[in-house]
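Let's walk through this one together, starting with the overall picture and ending at the side chains. Here is the structure to keep in view as you read.

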Amino acid sequence: MSEQKTTQEEMNASAEVEKDLPEQENQETDVLEEAIARVQELEEQLVEAGKKEQDLLLRTRAEIDNIRRRATQDVEKAHKFALEKFAKDLLETIDNLERALNVPAEENKETVKALYDGVELTLKGLLKTVELYGIKAVGAVGEDFNPELHHAIKQDSVEGFEANKITHVLQKGYTLNGRVIRPAMVMISA
């Protein structure tokens with residue numbers, strides 16, 4: 001009987017182990033599923049972090065390109081308009097030479113005529129030189145009035161001129177590489 005009892009006990013123990021086995025398998029399956037879900041969640045987070053990092057990298061590169069482009073433009077503008085103050089100072093000299101030429105020369109006196117011709121040649125040479133550096137005169141009689149380039153002093157009805165045409169230039173205006181350094185003072189037709 002003791003053998004039977006032992007066998008019976010072994011069978012009971014074996015049955016209990018078999019009962020516990022599905023419970024252990026269920027627990028192991030639950031732990032395994034949780035681990036798989038956590039790994040998938042971490043993989044998704046890793047993919048999202050990679051996308052954010054790529055986006056940040058692209059934005060940083062674009063910002064660097066923009067900074068380079070702006071710096072290049074600033075340097076170009078600095079080179080292009082470095083002469084602006086010097087050019088403004090030269091305008092007074094040009095105005096004085098033009099005024100000197102507007103005084104009628106006495107044609108009978110050789111010395112006055114020679115002086116007049118000398119001033120005229122000096123003015124032509126100076127205008128040619130400043131034009132080489134991007135300084136251009138604006139405001140000629142008959143041109144259309146442009147408020148960006150001209151400063152209207154007076155507006156009158158003048159025969160032979162359409163409306164908003166320059167009838168008289170009191171002082172020439174000048175641009176440096178397209179930028180107005182002094183507007184022309186003009187009279188325009190109404």
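Of the 190 residues in the protein chain, 17% count as buried, where buried means under 20% relative accessible area with a 1.4 Å probe, protein chains only. A quick note on ground rules: the model is predicted, so local features need pLDDT of at least 70 and side-chain atom pairs pLDDT 80 or more, while totals for chains, interfaces and linings use all residues. Residues are numbered from 1 along each chain as its sequence is written, and side-chain values use heavy atoms, leaving out hydrogens and water.

Now the layout. The protein chain has three helices and six strands, read as DSSP runs numbered from the N terminus (helices are H or I, at least four residues; strands are E, at least two). Along the sequence, the pattern goes α-α-α-β-β-β-β-β-β.

Next, the inside. The largest nonpolar core has 15 residues; such a core is a set of buried Ala, Val, Leu, Ile, Met, Phe, Trp, Tyr and Cys residues joined through side-chain atoms within 4.5 Å. I94, V130, I135, Y174 and I181 touch the most other members. Helix 2 (84–102), helix 3 (110–132) and strand 4 (173–176) each give two or more residues, and helix 2 provides the largest share, six residues.

Zoom in on I135: leaving aside residues up to four places away in sequence, I135 touches A87, V130, Y174, T175 and L176, with contact meaning heavy atoms within 4.5 Å.

Note on methods: Buried means under 20% relative accessible area, exposed over 50%, partly exposed in between (1.4 Å probe, protein chains only).
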